[in-house]
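Keep the viewer open as you read.

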Amino acid sequence: MSNGVPGVSDYQGPAGGWGAVKAVTASVFSQKAIARDVIAMFRMNQVKGFDCPGCAWPDPSHRSPMELCENGVKAVSWETTSKKASPEFFRQHTVAALWKYSDYELENVGRLTHPMKYDAVTDTWQAVEWQVAFAEIGERLRSYDSPERVEFYTSGRTSNEAAFLYQLFAREYGSSNFPDCSNMCHGPTSVGLTSAIGLGKGTVELDDFAHCDLVICIGHNPGTNHPRMLTTLREVAQRGGRIISINPLAERGLERFSFPQSPTDMLKGHATTLSNDYYQVKMGGDASLLKGIMKALIEMDEARTLLGQEPCLDRAFLAEHTHGYQALYADLHRCHWAELEQDSGLSRSQMEDLAYRYDRSKATIICYGLGITQHKNGTENVQQLVNLLLLKGNIGKRGAGICPLRGHSNVQGDRSVGINEAAPEAFLLRLEAHFGIRVPRKHGRSSVESIRAIENGEAQALICMGGNLAVAMPQPQRTFEAMKKLDLQVHVATKLNRSHLLMAKHNYLFPALGRTERDMQASGIQSVTVEDSMSMVHASCGALKPASRWLKSEPAIVAGLARATLPDSPVNWEAMTDNYALIREAIASVIPAFANYNARIAEPGGFRMDTPASRREWRTESGKANFIVSRQHAVDRQNQPDDALVLATLRSHDQYNTTLYGMNDRYRGITGRRDVVFLSQAEAETRGLVEGDVINIQALEDNGEPSVERAMYGLTVVVYRMAAGSIGAYLPEANVLLSLDAVDTQSLTPAYKSVPVIIRKAM
């Protein structure tokens, strides 16, 4: 709704449509590189083109001439911009002055063009020669009393080739510390799925969506975070498949979609209804909802059995392929409907209706995102999704399975090639044998552990392969101050961001080639490879002239750092940098799943990584798919005041993680501002609030007391269709409300989506 509040309206359009066309046009023109953008659009997500640096939704086998989406074009135009963050710019702007820029303004300065070194006397970044910088960094890394004092962060935009070299460099140096963007998002997927089905990845292929009866979308927002999925959901809906959405907020991308490349949709104003049913679960209430659905399904199964009717459960599958059903049954039997209703925010009848819809489907896919994983019980949430699928045998058959939705285009691939703080022994042995090196066995640190180590002085240096780590992490009050304690920081990036302004004693900023740009090495133009959400690995080859002749590729930067740090290394870093096919040969030698790597990526569309659970091969200790009982709530309400709410951090539609392409959030009706919170009509009325009122938010400590430090002030209320008991605010601004200590107990992924808070009207 809207009450004349500046920058707040009631958006009525569908996802996509003319709104997307208008936004794409504005984005392209704002970056002043129209010719480059047009070339890039025809190369993006094509067989011999480059992989979109946005989401990890897979490419169809039959591709349109422009295989893209609104946010993909924004990501590309943001990279292909003609704007430059040149040495001249940095000479004119001190770090203190740049700190006053907004996050949007920082990245909008443009592409980094030269390697830079921070000068504390002038408080400016200054140009430095590559070899000088490499030598200085290598000298510092060799000076530390232990390699374990260095953290090696990886962003999901890093290619398989760069990631493999990066972990090789770190391990030969002697560190197993691999804080990684996956630690902040899908850590619960890796842990939860591995324990349940023996594979830390999804089990479905894109083709499965053409054969499913039902798609359950839970805890994700495709319209903003993976827009190309909308085309697939549209196809499901148009052929008569059912889509059920479960999400605290009413997201336009789950409701209806107008395909911008369809003449019928665009000329006739047609939009496809996506969700047949929409259930608004409370923030953090997913585990209770899933238990309720399973409890209702089992009760329905027992009633049918007594009547001699066809059962709901796939008993043959349960007997042959699963372990632990009786423990799950006993746990669900102990659950009380009143508690499940209270925690989920949905009624028993709604949960029973969901169970009935699920039972009617012969093949079901469950898709989920960070709304499931970013909780204290994120791993258990994932396991409950698997439990629900196992009850009806919906893993390992056509048109069915589990589908985690990754954000970054290669966050899954980085893990596949060795970015892992707890790598398997077999991998380490093969790495040593292939390269003739010794690598550490000690369990390294993940993202939260790395920040804590930096905070307490245990870590002295941080190397970041892309990303905006400090801003992405919870509780910047602690994270920012921790970063300033470092002796050395090295950032590899394409654009300026706030993490680059948190100055250590020694600081370097390296400009890298973007995904869209030609990577010319000694043996010719190079391709890199990436892995999508459905385990497809394919080549990506940039086509555009690099933004600056001083740019280096990520593999070349890693090799430069490695050779300067490890002068006696037996690894032929130079040869692999000259020809990335040699990197892939090494990957194939070390990781059997990549056998015949170079030949397989030469095939159109690449190849699929082995997914044993997809063929009902369970590589678990029990040898079967495991039912796992959940005993943990996302939020402990025992010490909370009665008026407490649960807050989730949200992306706007003009946003990709911490990157802001603009200040609008079209589908939620927000224009030109981000200082808002979303609240249901019922919650607003209960608190005597109306849209446009200004409030303050305080996070609650474990004892229920309001935090003085973790607070936000002066936010405008936007009344929105969302679950009661819930509130939403934009990240990264709302990260100040998070706690660095509130993490998933098994994966250490931060609880971005379930922060207990209280709100008060500003005086």
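Strands β6 and β15 run parallel to each other and are joined by five bridges. Within that pairing, E151 sits opposite L462 of β15. Strands count as paired if DSSP finds at least two bridges between them, and the elements themselves are DSSP runs numbered from the N terminus: helices are H or I with at least four residues, strands E with at least two. On numbering and source, residues count from 1 along each chain as its sequence is written, and side-chain values use heavy atoms, with hydrogens and water left out. Please keep in mind that this is a predicted model, in which local features need pLDDT of at least 70 and side-chain atom pairs count only at pLDDT 80 or more, while totals for chains, interfaces and linings use all residues.

Moving across β15, you meet strand β16 (residues 488-493), which pairs with β15 in the parallel sense, again over five bridges. Here M465 has V492 of β16 as its bridge partner.

At the β5 end, β4 (residues 116-119) and β5 pair in the antiparallel sense over four bridges, and D119 has T124 in β5 as its bridge partner.

Now for a single residue. A133 is part of helix α7 (residues 130-143) and is buried, with a relative accessible area of 0%. Beyond its neighbours within four places in sequence, A133 is in contact (heavy atoms within 4.5 Å) with V128, Y508 and F510.

| Space | Volume | Lining by class |
|---|---|---|
| Largest pocket | about 1,200 Å³ | 13 nonpolar, 16 polar, eight charged residues |
| Second largest cavity | about 200 Å³ | four nonpolar, six polar, five charged residues |

On a 1 Å grid over the protein atoms alone, a cavity is a set of points where a 1.4 Å probe fits but cannot get out; a pocket is an open set with protein on both sides within 12 Å along at least five of seven lines, and lining residues have an atom within 4 Å of a point. Grid points are joined across faces, edges and corners, and a volume is the space filled by probe spheres set on the points. Ala, Val, Leu, Ile, Met, Phe, Trp, Tyr, Cys and Pro count as nonpolar, Asp, Glu, Lys and Arg as charged, and the others, Gly among them, as polar.

Of the 37 residues lining the largest pocket, K201, R415, S416, N420 and P424 are the closest to its centre. Helix α9 gives the largest share of that lining, four residues.

How values were computed. Buried < 20%, exposed > 50% of the residue type's maximum accessible area, 1.4 Å probe, protein only.
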